[in-house]
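Student: Could you take a close look at one part of this model for me, the place where the ligands sit, and walk me through the contacts there?

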Amino acid sequence: MSRMALHAAAKDLSRQAKDPMALALWLGIPILIGALITLAFGDVGEAPPRAKLLVADEDGSFLSELFVGLLAREELRVLDSERVPLDEGRKRLDEGEASALLLIPEGFGQAVLEDTPSELELVTNPAQSILPQIAEETLRVLVDVVFYMQRIVGDDIRGIVDEMGGLEATPSDEEVTRISVAVNGVFRRVERYLLPPVLEADTATDAQAPSVDVSVLFLPGIVLMALLFFATGLSEDMWRERSMGTLRRAVSAPGGVGGLFAGKLMAGVVIAGVLALVLMAIGTFYLDLPWRVLPVAVVWCAVTGGVLLVLMCWIQMATRTPRAGQILTNAIAFPLLMVGGSFFPAEMMPKGLAAVGRFTPNGWSVAQLKDLLLERTAPTELLVPLLGMLAVGLLLFALASRTLSKRFARAS
Amino acid sequence: MIDVERLEKHYGSFVAVDDVSFTAAPGEIFGLLGPNGAGKSTTIGCISGLLEPTAGRVRVLGKDVVVERRAAREQLGVVPQEMALYEDLSATENLRFWGAAYGLRGSTLTTRVRDVLATTGLADRAKEPVSQYSGGMKRRINFGCAIVHRPKVVLLDEPTVGVDPQSRVRLFEMVKTLVADGTTVLYTTHYMEEAEQLCDRLAIIDRGKLIANGTLEELRGQVGERDLLQLTGHFDAAAVEQALGAVDDVEVVQVEPDALRLALRDASSRLPALFDALTTAGSEIRQTTLTEPSLETLFIKLTGKELRE
Ligand SMILES: Nc1ncnc2c1ncn2[C@@H]1O[C@H](COP(=O)(O)OP(=O)(O)O)[C@@H](O)[C@H]1O
Ligand SMILES: [Mg+2]
């Protein structure tokens, strides 16, 4: 089986090499989002004056909370935001106590989801000139981020929110399917937004000198996003191999279909390593991170990618059609991305959500990676978690191979 | 050498292969002839290890395919009915991978791959991705992938379905080369001309059961020297039986209200007399088909239906 695995790995790598678009997509989306984030928390100077921003959240939706949470981040050093009731805010602004008052109108979250115009109202202190401007600029960029994110994934979030509104204690299969279909749309739309070069031109001018702190928090999540895209994408190859008939042929070869599967995972680890290397190198360069942790970080990511891949392959094999497999893996990947810190780092998420996120495989991996990058843990300390992850991976492999050779590979 | 002993394969309560036994010897092409759904692929699947037999025993070169899986598989080459190729890889890459999967390495692998490319006639397009091949070319490379490792036993499952004449000739040549080298070949098909042309020995399978088994001569002997006459129109069973009882050497194979099948010698010269007898018996004849003795007639005789339905 081991020799079969090596040949199968080589075979899958050369197949992957013939499909560079997939690689570009797995890399492109995270890079795009990374660029947007860098923009949002971009160059703000060395020791900027802090603008006092009062925030009146009349909406109180999940999205507005998220938005207020972003503003309240310590890393966003330009702003010192404080939540206030609306009338108190107006009063304090009048008294000259703050640079600006941000009013998040009721229905803001809904409006964002529905892609209808919704005005964030910023009342500035006429007595000050620069500070309100900083507040305004920062807000504008943040709004852009929210806007683009909504552009990319909005329909799907909307669909999910709609669905969840009607959800009882346990969602029916049909509801799960509908949510899954909605989630599935994300990936196709993301593809669409990668294409216009307009965005790239926009970001190129501004992304020159990114800040250090906040973007570092985003980096591990972004790498894991690429790995999850890769794992869901490549796991579809199980169905391709089945429809091409190669799985059946492998069943009657001496190395067996287990060898073929092991090879696919080995190839996956290599690909995940390459993806991680590219993203981490870009990140290390722009964010001025220590280069010496890079090799360990890449190994960590490669193994994470392998584990995610075997998990996704197993899920694919549990479904009855390629379409169902695609929907289910995407439906699992998307929430994992959300709570696992790929869209917003755990530090910016509501506490409860962040706590859940740490127990997702990707969220856990993100946390370890972040500690490594910020040098909160020494590379050697990752050895035990790494071995643990390998053990989990092997267990998953054993289970998935069983499904594969007993059932999945034999079906026509 | 393939030894199939009282093989059964059930899908739930459905019996796809029912008590099938046959032996295919080295250096011979053993044909498994039967219509679609007869159980040919299921039988092949049980031999190749793709399917678990419900009952019975299969041995390849004396090795039980269930008990000594690996040993049995190493000597086996399987040409599946459906294509089993990496469409995104070239012929060479496919052959190299499957050769390696059967344990070939280094220069042996390279030589074998080159040989197979030559015998399949694909050498000049070996670098192209398989997805760009015609149906016939895919069939050839599908065959090639099963024989890179020079197996002693080759299973071919309807390898000529949807194939252009040129590829078909090439595939036949490849099969004949294999047996000339002493390989045991099991060849399934629903084309009886193919079976007649290619196979040394044959089993006919229908609805999971073997209904005939022997050399081509033995099977032809079962039909006798008689032609098969098929008539459509309007027939009364009792009247027909009675009328034809008086005519020498005519066997009523099957009689239905709208169809009649007869086996008889020298049919063409005796048609007028037959028609007379039938019309006198109140039959109405609309169409007649005369078939010379063949596997087709044997199949019809045994099952009461045509092979290609
Ligand atoms: N996985 C399966 N489940 C249920 N029935 C099956 C399955 N595979 C094949 N069959 C049935 O078994 C019979 C034999 O099929 P098969 O061996 O493919 O026939 P052939 O190859 O002679 O055309 C068919 O009636 C087919 O529908
Ligand atoms: Mg078949």
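Tutor: Happy to! A polar contact here is a pair of N or O atoms within 3.5 Å. This is a predicted model, in which local features need pLDDT of at least 70 and side-chain atom pairs count only at pLDDT 80 or more, while totals for chains, interfaces and linings use all residues. Side-chain values use heavy atoms, without hydrogens and water, residues are numbered from 1 along each chain, and chains are lettered from A and ligands numbered from 1 in the order written.

Let's start with S41(B): an N or O atom of its side chain lies 2.8 Å from an oxygen atom of ligand 1. A38(B) places a backbone N or O atom 3.1 Å from an oxygen atom of ligand 1, and the side chain of Y11(B) has an N or O atom 3.5 Å from a nitrogen atom of ligand 1. On its own, ligand 1 has 560 Å² of accessible area (Shrake-Rupley, 1.4 Å probe), and the protein covers 60% of that.

The shell (residues with a heavy atom within 4 Å) includes F14(B), P35(B), K40(B) and T42(B). Its biggest contributor is α1(B), with 3 residues.

Because S41(B) lies in helix α1 and Q81(B) in the loop between β6 and α3 of chain B, the pair ties together parts 40 residues apart in sequence. Helices (H or I, at least four residues) and strands (E, at least two) are DSSP runs.

Note on methods
Polar contact = N/O pair within 3.5 Å; in protein donor to acceptor, adjacent residues only side chain to side chain.
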